[in-house]
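This report walks through a few features that can be located in the sequence and the structure. Please keep both in view while reading.

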Amino acid sequence: MSHRLPIIIQEDRTWTNYCLEKKAAVILKSGQASTRELLSLLNSTFYPASIDYSDIYWTGEEQKLIQLMNTLVSD
């Protein structure tokens, strides 16, 4: 996402909502898209708005992850 390239993902509620919000992905439903449809979708406009890089790089979650990892390693 930081390179503003489209992501191809399978339908999943969490990632679908996140990517649709940023217009960052082509969401595939199982067995639904043909190669021609996929290529057409990839020619769409992605990331029309500015990107909040702190959201993409999960900087807000960094300290929580570090604390969790320190807890797991020290036990």
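This is a predicted model: local features need pLDDT of at least 70, side-chain atom pairs count only at pLDDT 80 or more; totals for chains, interfaces and linings use all residues.

Thr-16 has its place in helix 1, and, when residues up to four places away in sequence are not counted, Thr-16 touches Ile-9, Glu-11 and Ile-27.

## The largest nonpolar core

The largest nonpolar core has 10 residues in all, among them Ile-9, Tyr-18, Cys-19, Val-26 and Phe-46. Helix 1 and strand 2 each supply at least two residues of this core. In soluble globular proteins, nonpolar side chains tend to be buried together.

Which residues does Val-26 contact, leaving aside its neighbours within four places in sequence? Val-26 is in contact with Ile-7, Ile-8 and Ile-9, with Leu-38, Leu-41 and Leu-42, and with Phe-46.

The phi angle of Lys-23 is near 50 degrees, which is a positive value in a residue other than glycine.

## A nonpolar patch on the surface

On the surface, Leu-65, Leu-68, Met-69 and Leu-72 form a nonpolar patch, and together they have about 400 Å² of accessible area. One of these residues, Leu-68, lies in helix 4, which covers residues 62-74. Leu-68 has a relative accessible area of 46% and is therefore partly exposed, since that class lies between the limits of 20% and 50%.

Key:
Residues are numbered from 1 along each chain as its sequence is written. Side-chain values use heavy atoms; hydrogens and water are left out. Helices (H or I, at least four residues) and strands (E, at least two) are DSSP runs, numbered from the N terminus. Contact means heavy atoms within 4.5 Å. Patches are made of residues with over 30% relative accessible area and no salt bridge: like charges are joined within 9 Å, nonpolar side chains (Val, Leu, Ile, Met, Phe, Trp, Tyr) within 5 Å. Accessible areas come from the Shrake-Rupley method with a 1.4 Å probe; for residues, only the protein chains shown count as cover. A salt bridge is a side-chain nitrogen of Lys or Arg within 4 Å of a carboxyl oxygen of Asp or Glu. Buried means under 20% relative accessible area, exposed over 50%, partly exposed in between (1.4 Å probe, protein chains only). A nonpolar core is a set of buried Ala, Val, Leu, Ile, Met, Phe, Trp, Tyr and Cys residues joined through side-chain atoms within 4.5 Å.
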